[in-house]
Amino acid sequence: MSILVLNTLRRQCLSQFRARLFQQPHIHSRSFGGTTVFFAKKANRKDEFYHLEAVHSPDHFGTLSPQADVPETPDQGDLKEEDFLQNLPSQGQKLSVRQYADIIKDHLKNNRIREALDVVEVRMKQDRVKPVNYHFNLLIGGCARVGYSKKAFQLYNKMKQHGLKVTGGTYTSLFNACAISPFLGDGLKRANHLREIMLEKGYEPNETNYNAMIKAYGRCGDLKTAFQLADEMVARNLNIGTDTFNFLLQACISDREYGFRHALLVWHRMHRLKINPDRYSFNLLLRCVRDCQLGELETMEQTIEQIISQSIAQPQQQLVTAETKESAESVLVTRAPSDDESTPALQITTVNSELSERFNHEGVPDLLSPKPHLGSLVKLGEVRKAEDRLLLLGGSSNVLAEMKRCNAEPDIRTMTELLDVIPPTYAAEKQLLATIKQLKLGCDIDFFNILIKKRSMRFDYEGAREVLYMIEAANLEPDIVTYGVLALGCQTQEEARSLLKMMAQADVRMNIQILGAMLRQGCARHNFRYVTEVLQIVRRERLKPNEPFLRHLEEFGKVCEKRDRDYDAKPRQKGRDEFKMEYNRYRMQLDAWQEHMGLQGLALDQALGIVREHPWEQFKQPQPDGFEAVKNPKLRHKRKKLHSIRKVDVDAIADDDDGLRKTIDDEAKEVRLVH
């Protein structure tokens with residue numbers, strides 16, 4: 001019985017197996033035996049091989065491979081996506097909008113631009129927090145203050161991509177970024193593009209926006225657009241205050257050839273509008289006196305005549321731009337009423353009488369006050385230097401008197417600007433120091449640095465070293481700029497070594513600017529040993545030469561080559577052998593130095609391309625440790641230390657006219673430098 005059941009089950013299993021084989025696509029109905037099964041397996045192998053061949057066949061489109069190999073290195077995008085989905089931030093990790101903003105502000109106060117940008121670009125992205133326009137405005141303003149215009153506009157584009165509202169403060173910061181950008185052409189291009197965007201969106205700028213636009217166009221050199229924007233403010237009945245005129249004065253400073261003429265027009269326009277200049281206005285005017293020229297003499301004479309005539313006649317209603325070239329007669333005719341024929345004649349007669357009195361006025365010229373006059377000025381062609389242009393304003397005493405009339409109290413910055421434009425004499429410097437003492441102003445180290453530089457530039461190196469006593473008497477300490485301007489007076493190797501020794505005692509590390517000033521002195525005196533020692537210091541201290549340093553070497557090389565050719569033309573000239581020996585030694589050491597610096601065989605332009613640093617590169621890297629603001633966070637908000645110079649004995653400063661100069665021997669000179 002069991003055998004019968006077993007056979008029955010065997011037949012059922014066999015029938016089911018044959019039915020499954022019949023359903024295979026590669027089985028033919030002619031056979032159901034064991035040979036058929038073998039044929040199916042063989043067909044499957046052939047099909048697999050056929051598909052794999054078709055993948056690499058140029059005549060077939062191919063199919064997917066039956067089995068793909070798993071890559072050994074996982075895809076980075078997949079890893080980031082997996083990390084983003086699995087590592088969700090906790091609620092305690094997320095901060096509020098205000099807290100993120102405080103972190104950004106703290107970084108910006110310490111000039112950590114890269115860290116401030118990482119708050120939005122890295123941390124908030126990791127915390128899954130969407131930034132608001134307040135965060136973007138903070139970052140755009142921080143980039144604008146350091147001239148990082150490219151990043152400021154990138155943040156502006158991201159702000160629009162996030163769908164955030166662009167406010168008036170955003171436009172103001174962007175125009176400030178254009179104004180402070182180190183690339184004037186790029187800044188002007190971005191300012192034009194941003195102004196077009198504002199016009200397309202129908203945005204009407206406010207007073208702050210206009211001031212920022214005037215600042216941007218003025219500093220980038222487009223004075224015409226800057227003055228047109230001021231005219232726009234007048235047409236729209238917006239308030240034009242002292243700040244607007246200060247930005248126009250900044251625009252005048254950017255024109256080194258005609259800036260002084262433009263500044264006079266702006267200044268007297270302030271007088272006609274009854275706007276009192278502030279301290280910053282006077283500082284800008286003094287900067288314009290220092291940096292800008294008169295331009296064409298004929299145009300300057302017409303401008304002075306126009307200023308004097310307009311100060312007598314009625315004030316104009318339209319803002320005078322820098323392009324105004326109207327003569328005095330045309331101004332008077334346009335101001336005369338047409339309904340009465342006798343009044344214009346009487347007015348012109350009165351005005352001409354006062355005009356002649358102004359031109360025939362005796363004494364120092366005064367083009368600064370509301371009632372200007374030329375004094376006893378004979379010819380404008382003799383006005384070439386900064387002290388000559390200051391005399392056109394009445395001198396330093398008249399500038400201080402005008403500040404008192406306008407209720408603008410001078411500060412030490414004003415005195416520093418005056419120091420740059422007064423005559424380069426001991427008498428003028430003594431008078432300015434006496435004025436500072438009389439006004440009881442606090443004096444900073446910057447003032448003394450300018451005084452050292454002024455004396456060094458007129459080759460009064462002994463007087464420049466005497467300023468160190470004044471710094472000590474004012475309870476101040478020399479900074480790195482002080483040593484830089486002192487290096488201008490290091491005529492010999494011994495003086496340079498003494499200065500470097502004093503820096504080492506003060507724990508001040510030298511920089512390439514100080515060594516460049518020493519190199520300049522060595523090249524000017526054709527001292528090969530001095531120049532060689534400076535090159536050795538640069539190599540030993542592992543300093544990177546800058547552009548002025550390489551230019552000094554290039555000019556010195558040209559002078560030496562010319563002198564070498566002159567000696568070859570005159571073999572018996574005195575000093576030839578000594579020069580040849582020193583010059584050959586210098587060339588060998590210069591070649592070794594250039595090879596060490598990687599500048600061997602390069603032209604000047606190629607070498608400058610290597611050493612020149614991009615001004616925005618510093619903002620792409622995190623700030624290294626060791627900065628004073630990081631080590632002393634409690635002192636970062638303190639103002640610059642100011643001290644009085646009452647202890648300075650002004651009467652002890654000798655005048656050039658009296659010829660009283662202190663005679664100091666070499667031993668005292670050495671003690672002074674080291675001390």
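Me: How do the residues of the lining of the second largest cavity divide into nonpolar, polar and charged?

Reply: In this predicted model, the lining of the second largest cavity divides into 6 nonpolar, 1 polar and 2 charged residues. The residues concerned are Gln493, Ala496, Arg497, Leu500, Met518, Tyr530, Glu533, Val534 and Ile537, and the elements that give two or more residues to this lining are α25 (493-505) and α27 (528-540). Arg and Glu count as charged, whereas Tyr counts as nonpolar.

Me: What makes this space a cavity, and what is its volume?

Reply: A cavity is a set of points where a 1.4 Å probe fits but cannot get out, and the second largest cavity has a volume of about 40 Å³. The count of cavities of 30 Å³ or more comes to 3.

Me: Why is α12 described as largely enclosed by the rest of the structure?

Reply: Buried means under 20% relative accessible area, and 11 of the 12 residues of α12 are buried, so the helix is largely enclosed by the rest of the structure. Among the buried residues are Phe245, Phe247, Leu248, Leu249 and Ile253, together with Thr242, Asn246 and Gln250. What covers the buried residues of α12 includes α10 (207-219), α11 (223-235), α13 (259-272) and α14 (279-291).

Me: Why is Lys274 called exposed, and what is Asn475 called?

Reply: Exposed means over 50% relative accessible area, and Lys274, with 74%, is therefore exposed. Asn475 has a relative accessible area of 44% and is therefore partly exposed. Lys274 lies in the loop between α13 and α14, and Asn475 is in the loop between α23 (461-473) and α24 (480-486). Phi of Lys274 is near 60°, a positive value in a residue other than glycine, and phi of Asn475 is likewise near 60°.

Me: Which elements supply at least two residues each to the lining of the largest pocket?

Reply: They are α28 (547-569), α29 (576-597) and α30 (604-611), with the largest share, 7 residues, coming from α29. About 500 Å³ of space lies in this pocket, and of the 20 residues that line it, the closest to its centre are Leu553, Glu554, Gly557, Leu590 and Gln594. The lining of the largest pocket divides into 11 nonpolar, 4 polar and 5 charged residues.

Technical notes. Residues numbered from 1 in each chain as written. Predicted model: local features only at pLDDT ≥ 70, side-chain atom pairs only at ≥ 80, totals over all residues. Heavy atoms only, no water. 1 Å grid on protein atoms, 1.4 Å probe; cavity = no way out; pocket = protein on both sides within 12 Å on 5 of 7 lines; lining within 4 Å. Points joined across faces, edges and corners; volume = space filled by probe spheres on them. Helix = DSSP H or I, 4+ residues; strand = E, 2+ residues; numbered from the N terminus. Buried < 20%, exposed > 50% of the residue type's maximum accessible area, 1.4 Å probe, protein only. Contact = heavy atoms within 4.5 Å.
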